[in-house]
Amino acid sequence: MDIRTTGGPATAEEMAAVDGLLGEPQPADHRVVHGGRAMRSQRHLLLPVLHAIQDRAGWVSRGALEYACRRLSIPPAEAYGVVTFYARFAPQERGPVALHVCDDIACMLAGAKVVEGAHGAPCLGLCDRAPATLTERFGEAYEAVQTPAREAARQPGSRLLRRVGVVDPDSIDSYLQHGGFAALKLAREMGPAAVIDEVTRSKLLGRGGAAFPTGRKWQSVADAPVRPHYLVCNADESEPGTFKDRVLMENDPFALVEGMAIAAFATGCEKGYVYVRDEYPLARRRVGEAIAQARERGYVDFEVEVRRGAGAYICGEETALFNSIEGKRGEPRNKPPFPVEAGLFGKPTLPNNVETLVNVLDIVNGEFADTRLFCVSGQVLHSGVYEVAMGTPLRALIDLAGGLLPGRTMRAVLLGGAAGSFITPDQLDVPLSFDGTRAIGATLGSGAVMVFDDTADMRQVLLRIARFFRDESCGQCVPCRVGTARQEEILERMLQSPNGDGRADVMLLSDIAQAMRDASICGLGQTAANAIASGLTQLKVLNG
Amino acid sequence: MADVTLTIDGREVQAREGSTILDACRRMRIDTPTLCQLDTLTPVNVCRVCVVELEGARVLVPACSRKVEAGMKIRTDSERVRHSRRLVLELLASSVDMSLCSPQVRGWMDRYGAAPGRFGKQVATVAQPVKVDNDLYVRDYSRCILCYKCVEACGVDAQNTFAIGVAGRGFDAHISTEFDVGLPDSACVYCGNCIGVCPTGALMFKSEHDMRAAGTWDESKQTVTETVCPYCGVGCMLELHVQENSIVKVTSPLDHSVTSGHLCVKGRFGFEFVQRRGAKG
Ligand SMILES: Cc1cc2nc3c(=O)[nH]c(=O)nc-3n(C[C@H](O)[C@H](O)[C@H](O)COP(=O)(O)O)c2cc1C
Ligand code: SF4
Ligand code: SF4
Ligand code: SF4
Ligand code: FES
Ligand code: FES
């Protein structure tokens, strides 16, 4: 492949950023041919290189992109497609600071306004701190700062959160003092097959949203004949209203590392990745340091790399995540083939959510109980992560979070985030279990529980959800790419003129919804109409 | 490879293992709409107009890429299938100028009762000015349905030049060179293979574009002459589209064993000398 670059040279600063990551370029030796397989195998470094450029310069210029392309042997048109796919990368020049203001649901309810010069952002995973921001300062000493917590980490749970606020997340010794790595030791004594048996027997269901039986997934990867096997921890956590994985990674990062070590041991993974969303700089740093400390002490004996997202909800979808790690646009793949046969780099892959992997410790230790983390946010007294037993009534969970603000009455609960659906005040006794929620046509999804009282403007909430899907669709398939745009337009005009021809528009929305559900490639398009449909039918937002 | 037996629309059919549902449908002469599929390109399964109902599956599956499996029970004309096909065509036509698509596409629109106007007038479209930045071909992305075919043809499926890619996300996704530079500044070598696979007229010979603008393009006055490219020894088959004794565009048949429809800049665009000699006599 002939890489043609006509954009002029990169600045010294940009070249230093790229070379800092890839090493100094070798002096040109025209007797040997560069490119080919060895170079193409570096394609997966594209996102890290783009981050290095932008962290230093604040944006990705044409000169910088073309320099990176020459070094990685990637066609510039393809690399440009990657830059423009991710919301965080800026292909236009801008100042040395970027302020991202969350204007998603929980922050909207908390009065967030995107000030001039700031970038509006979808949920930053800090809903318990709403209104939330993320500030990036570019330069040699890049830093990203999140809205700080107002209250100390609470531990309203007994099992998964027991070390939160108790251990020192920066110290492996502190973790060891609290029973750390006992499960890994036990697992190594039991052997891979026995560990998988225990996971299967626990009936653990994946906590990333799809609720797939974890044991079955582990067995498939362990049985896959093709090598190598990859472990991918999904820490992209971008479902609006979800922040449990952040709380785990920030406060108990060694537990995730231990869970990954057990998973890799049981399923024979040679290499692991943790894909952390870009908006979680603290979690990313803590997990990275935990991996380094655990490796130094011999607890991690396989390769693990922390990868940084770049602002794309869709990269939480496992196959989009694989493409992102491979240095491509985060477009989901058609299934089959499933990840356990052909996932990351086309090899058998075990994708698991952070909370799923942390649960494995207790399964091996014999301390597992069917509890799960819920992220309660919105108009409640104490937003936060709460651990309750499966089957607990929704009402009890909301009470745990201190209930409504004084003097307010309940309007609705959004269960499962933007991909979930609305629950009405008379459904608050629904048990928080997969079957319980299914019985009323809802889902637990990622464990997001957003509470709305009588002061909430539900029309604006529905519109925000519609905009979320339009912004976050990868754009690959027609039902979702055009469907989410039409859905937002139609909803907007319905809400603007409630006396217009509402019935025809309701029909249109439901026609679009059915095609998105039936014909979209991935779960984003398949669920993009759920919350809006339930808002219109259950909550009767239009009539109120 | 072995054969598998599956059922399509109640009829049993044998299909080669590794072939697609679409292949099986074609053998049964079930007309299946496709927009992003081409026999010479790797399936991207993005347009979703070919979806069929597979018993036991939660969602519809794309016929163009889903491989046949023994015992599959498939319906190609159920209510759900008709609904999704209709919506895909409607959604596309409500956002893209599809007026230069083949009559076949219009036939599918009629068959599924697509009424793109029903979403209203004030809806987002991809309308934009035509990109004219060289003398050989133009890019009118207000006609682009984002089928990815040009990107595949420019990439590993044929040309290996990688001058264009998909940029942006969601409704803003579009075909672009790096930083949207004009073709002369890009890696493009003007092979025209992207034009050859484009199903919508978004990519068009400049000669055709100019004649359409002048109102002189008239396919009823055109003849097609088959010949072999005179430039090198590969032996690419050319189809010269001639109107009023002038070559107005050059194609090559998709099923030709040498070209698979692909040419290089010489065969595709190197015909000027023919007319010049004619003109100057
Ligand atoms: C649009 C979309 C977004 C998703 N986002 C996440 C996410 O942020 N974190 C996550 O763990 N799973 C997410 N998932 C689910 C993953 O595809 C996958 O099922 C999960 O990571 C598997 O892990 P588990 O079995 O441990 O739950 C998402 C799925 C879809 C369709
Ligand atoms: S459903 Fe949406 S997000 Fe998923 S592949 Fe299709 S366009 Fe992309
Ligand atoms: S003319 Fe050839 S090189 Fe240029 S964009 Fe089209 S396929 Fe690529
Ligand atoms: S330009 Fe043509 S071939 Fe390329 S994506 Fe658009 S419609 Fe498809
Ligand atoms: S951080 Fe603002 S809604 Fe989640
Ligand atoms: S033809 Fe099958 S998805 Fe486009």
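**Tour: a sheet, then a ligand site**

Select the four strands of chain A that form an open, mixed sheet, ordered S2-S1-S3-S4. Strands here are DSSP E runs of at least two residues, helices are H or I runs of at least four, and both are numbered from the N terminus. Two strands pair if DSSP finds at least two bridges between them. The model is predicted: local features need pLDDT of at least 70, side-chain atom pairs count only at pLDDT 80 or more, and totals for chains, interfaces and linings use all residues. Residues are numbered from 1 along each chain, chains are lettered from A and ligands numbered from 1 as written, and side-chain values use heavy atoms, without hydrogens or water.

Next, pick S3 (133-137) of chain A. S3(A) runs antiparallel to S4(A), over four bridges. Glu136(A) has Ala144(A) in S4(A) as its bridge partner.

Now centre on ligand 1. Around it are 19 residues, counted when a heavy atom lies within 4 Å. The closest are Gly208(A), Lys217(A), Asn352(A), Asn353(A) and Thr356(A).

Show polar contacts (N or O pairs within 3.5 Å):

- Asn353(A): a polar side-chain atom, 2.7 Å from a ligand 1 oxygen.
- Asn234(A): a polar side-chain atom, 3.0 Å from a ligand 1 oxygen.
- Gly316(A): a polar backbone atom, 3.2 Å from a ligand 1 nitrogen.

Finish with S8 (349-353) and H21 (523-527) of chain A, which each supply at least two shell residues. S8(A) gives the most, three.

Methods
Polar contact = N/O pair within 3.5 Å; in protein donor to acceptor, adjacent residues only side chain to side chain.
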